Structures are given as C-alpha cells and as structure tokens.
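Please walk me through this structure, one part after another. Plain paragraphs will do.

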Amino acid sequence: MMFETLATYVIALCLLVGAIFSLVGSIGLLKFKDSMTRLHAPTKVGTVGVGSLLAASMLYSYVFGGGWSIHELLIMAFLFVTAPISANFIAKVVIHKKTCDTPPPPAKDETWSTLDVPEEDRDVSVANEIEAS
Amino acid sequence: MIPADTLLDIALVISFVSVALAQVLAMIRLVIGPDTGDRILALDTMVVNAIGLIILLGIAQGTRIYFEASMIIAMLGFVSTVAYARFVLRGDIIE
C-alpha cells in the first residue's frame, strides 16, 4: 500500500514534468524569431517531454499492470536516436533556403574552419605538418 | 495532502490539456510558418506530441495496446521528416 502510494506520486510528477516540457517546447517553437533559434526549442519536447511521459507509463504498467514492459524503452531509444538526425536535416534545409544569417567573416582567414591558411602563418603550419608526420 | 488516486487523475487532466495545447501551438506555427524549414519542424514536433498524447491515453485507459501504434507513428514521423527534407534539398526522394 505504501509502495503504491509513493509510486503514484512519482508517476504524477513524471507526467507533470513531461507535459510542461512539451508545452514549453511548443511555446518556444511559436515565440522565437529566427529559423535557427526555432530549431532548438522542440528538442525539449523530443527528449525530456516524451521521455518523462514514457517513464511515467513504464512505472504505471509496473505498479498497476503487473510486470515491466519494454515497449517504452524501445520508443525512447528510437526517439533519442532519430531526433538529432532529423534536426540536422532541417538545419540543412534552412541553410539551403538561405533564411538564416550567414556568420560574419573571420578575422584573419578568408573562410571559417578550412585549411585556408593566411600568408603570414604559412611557415608555422608547414612546421606543424612536419612535426605531425 | 491530496490522496494519491485523485492526484493521478488531476495530473492526467493537466497533462492532456498541456500536450493538446502544445499540439495546437505547433499547428499554428505550421500554418503561419514563413519558410519550408519551419513547416517541416512544426510537423516533426506535432508527430512527437502525438506520440505523447497516445502514451497519455494508454495511461488513462490502463491498457498496453497503444504502444505498437506509437512505435509506428515514431518511425513514420522520422521517415517523413527525412523525406520532406530530402525533397527540399535534392528535388527528389529516391534517386
């Protein structure tokens, strides 16, 4: 009796946390101004929101349904694996459509994060390559 | 102190209302979204919220028969997001 009461409180807490995180994620999706900043809000829905709801469901089926059920873990693992991949694809779409700001030009090189070395650092990079090889 | 069963019922009602409201807000972003990327993101969020609603329905009715449905919706949501994004990026889904 005591265990069931305690488990019911934990289930209610997990349900509230999951539902409020889902709501916060969708509010962020609606309120942010930029496409790229809008991209980060629904990750809260994907991880904490649905993850907490699934944890509540798993605990509920253990306490009241008799025995663990593994389906929730399967859904959780699938969502956690596929959420970054789909977010990466959506970011590629946003970059492709050119609706986000491109980053400002770098201070020294011509482009960001390439092997493009400016003239005055050429000998340093050659020395580093020799040292590395 | 609220008794445990009443607390679970109240938490279920609050969760249903919150997730349904989240679904409506994502749908507003789907309608007004100024760009294709925002619409794809809103559809992805709606799929995840639909999974949450199905899980809440399973808890409220005390059955386990909805997990296959939510698993299939999770897989179809991922595949459809990737298909939309590939269609925008490459102009074709299967090359």
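The accessible surface of chain A comes to about 8100 Å², and 68% of that belongs to carbon and sulfur atoms. Chain B exposes about 4800 Å², with carbon and sulfur atoms supplying 73%. Accessible areas come from the Shrake-Rupley method with a 1.4 Å probe, and for residues only the protein chains shown count as cover. This is a predicted model, in which local features need pLDDT of at least 70 and side-chain atom pairs count only at pLDDT 80 or more, while totals for chains, interfaces and linings use all residues. Residues are numbered from 1 along each chain as its sequence is written, chains are lettered from A and ligands numbered from 1 in the order in which they are written, and side-chain values use heavy atoms, with hydrogens and water left out.

Chain A has five helices and zero strands, so its pattern along the sequence is written α-α-α-α-α, where helices (H or I, at least four residues) and strands (E, at least two) are DSSP runs numbered from the N terminus. Chain B has three helices and zero strands, and its elements run α-α-α from the N terminus on. Of the 133 residues in chain A, 36% are buried; in chain B, 44% of the 95 residues count as buried. Buried here means under 20% relative accessible area, exposed means over 50%, and partly exposed lies in between (1.4 Å probe, protein chains only). Among contacts with a separation of 6 or more, residues 24 or more positions apart account for 53% in chain A and for 50% in chain B; a contact means heavy atoms within 4.5 Å.

Next comes the place where the chains meet. The contact takes 51 residues from chain B and 50 residues from chain A. The size of an interface is often given as the accessible area lost when the parts come together. Here the area buried between chain B and chain A is about 4300 Å², of which carbon and sulfur atoms give 79%; buried area is the accessible area (1.4 Å probe) that two parts lose on being put together, summed over both. One residue that takes part is His96(A), in helix 4 of chain A, which touches Val88(B) and Leu89(B), not counting residues up to four places away in sequence. His96(A) is partly exposed, because its relative accessible area is 43%.

Side chains of opposite charge can pair when their charged atoms come close. How many salt bridges does the rule find across the interface of chain B and chain A? It finds one, where a salt bridge is a side-chain nitrogen of Lys or Arg within 4 Å of a carboxyl oxygen of Asp or Glu. The count over all chains also comes to one salt bridge. Asp38(B) forms it with Arg38(A), and the closest N and O atoms are 2.7 Å apart. The pair crosses from Asp38(B) in helix 2 of chain B to Arg38(A) in helix 2 (residues 35-38) of chain A. Asp38(B) counts as buried because its relative accessible area is 2%, and Arg38(A) counts as buried because its relative accessibility is 5%.

In soluble globular proteins, nonpolar side chains tend to be buried together. A nonpolar core is a set of buried Ala, Val, Leu, Ile, Met, Phe, Trp, Tyr and Cys residues joined through side-chain atoms within 4.5 Å. The largest such core has 26 residues, and those with the most contacts inside it are Leu15(A), Val50(A), Ile75(A), Ile51(B), Ile55(B) and Ile59(B). Two or more residues each come from helix 1 (2-31), helix 3 (42-63) and helix 4 (71-97) of chain A, and from helix 1, helix 2 (36-61) and helix 3 (67-90) of chain B. Helix 3 of chain A gives the most to this core, with six residues. Ile51(B) touches Val50(A), Ile75(A), Leu79(A), Ser70(B), Ile73(B) and Ala74(B), not counting residues up to four places away in sequence. Apart from this core lies another, of 15 residues, among them Leu39(A), Ala91(A), Ala42(B) and Val82(B).

Some nonpolar residues are found on the surface. Leu21(B), Val24(B), Met27(B), Ile28(B), Val31(B) and Ile32(B) form a nonpolar patch there, with about 530 Å² of accessible area together. Patches are made of residues with over 30% relative accessible area and no salt bridge, like charges being joined within 9 Å and nonpolar side chains (Val, Leu, Ile, Met, Phe, Trp, Tyr) within 5 Å. Ile28(B) lies in helix 1 (residues 4-32) of chain B and is partly exposed, with a relative accessible area of 36%.
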